[in-house]
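Open the structure in your viewer and keep the selection tool at hand. The stops below say what to select and what is there.

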Amino acid sequence: MLAAAGVDFKVASPDVDEAALKAQALLTDDLAHDLAKAKARSVSAADSADWVIGSDSVVTVQGQSFDKPADRDQAAEHLRLFSGKTIQLTSAVALARGNAIDWSHAD
């Protein structure tokens with residue numbers, strides 16, 4: 001979407017311990033939101049004026065959250081588990097600059 005809008009950007013991998021945040025999260029909305037903010041802060045430099053976008057999505061079915069499937073077999077297993085059930089997808093985005101979160105939202 002950024003490229004289509006003509007925005008110049010770079011992709012960087014955040015240094016975030018997702019397992020630790022997942023262990024602390026009480027609500028799925030909080031987890032996606034916390035992960036997005038942590039990722040944005042992780043890449044944002046304190047001395048930089050560049051904007052950083054961090055994002056995350058969490059899938060929950062019957063109160064259980066699911067990570068991205070590791071392979072095709074696990075993806076098929078997830079689909080079987082999800083069949084006939086309501087899936088909740090919570091997505092979050094955070095905007096950071098100077099190692100501080102300026103805006104974030106989860107829905």
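This tour of a predicted model goes from the nonpolar core to a lysine in a helix and then to a surface patch.

Begin with the core. Select Leu-31, Ala-32, Leu-35, Ala-36, Ala-40, Val-52, Val-58, Ala-92, Ala-94 and Ala-96: these ten residues form the largest nonpolar core. Colour helix 2 (28-43), strand 1 (52-61) and strand 3 (87-97), the elements that each supply two or more of its residues. Which element gives the largest share of this core? Helix 2 does, with five residues. As background, nonpolar side chains in soluble globular proteins tend to be buried together.

Stay with one of the core residues, Leu-35. Beyond its neighbours within four places in sequence, Leu-35 contacts Glu-18, Leu-21, Lys-22 and Asp-56.

Next, select Lys-39, also in helix 2. Is Lys-39 buried or exposed? Lys-39 counts as buried, because its relative accessibility is 14% and the cut-off for buried is under 20%. Show the side chain of Asp-56 as well: the side chain of Lys-39 makes a polar contact with it at 2.5 Å. Leaving out residues up to four places away in sequence, Lys-39 touches Pro-14, Val-16, Glu-18, Gly-54, Ser-55 and Asp-56.

Select Leu-2, Val-7, Phe-9, Val-11 and Ile-53, which make a nonpolar surface patch of about 470 Å². Zoom in on Val-7, in the segment before helix 1 (18-24). Val-7 has a relative accessible area of 40% and is therefore partly exposed, a class that lies between the 20% and 50% cut-offs.

Technical notes. Residues are numbered from 1 along each chain as its sequence is written. This is a predicted model: local features need pLDDT of at least 70, side-chain atom pairs count only at pLDDT 80 or more; totals for chains, interfaces and linings use all residues. Side-chain values use heavy atoms; hydrogens and water are left out. A nonpolar core is a set of buried Ala, Val, Leu, Ile, Met, Phe, Trp, Tyr and Cys residues joined through side-chain atoms within 4.5 Å. Buried means under 20% relative accessible area, exposed over 50%, partly exposed in between (1.4 Å probe, protein chains only). Helices (H or I, at least four residues) and strands (E, at least two) are DSSP runs, numbered from the N terminus. Contact means heavy atoms within 4.5 Å. Patches are made of residues with over 30% relative accessible area and no salt bridge: like charges are joined within 9 Å, nonpolar side chains (Val, Leu, Ile, Met, Phe, Trp, Tyr) within 5 Å. Accessible areas come from the Shrake-Rupley method with a 1.4 Å probe; for residues, only the protein chains shown count as cover. A salt bridge is a side-chain nitrogen of Lys or Arg within 4 Å of a carboxyl oxygen of Asp or Glu. A polar contact is a pair of N or O atoms within 3.5 Å; within protein, one must be able to donate a hydrogen and the other to accept it, and residues adjacent in sequence count only if both atoms are side-chain atoms.
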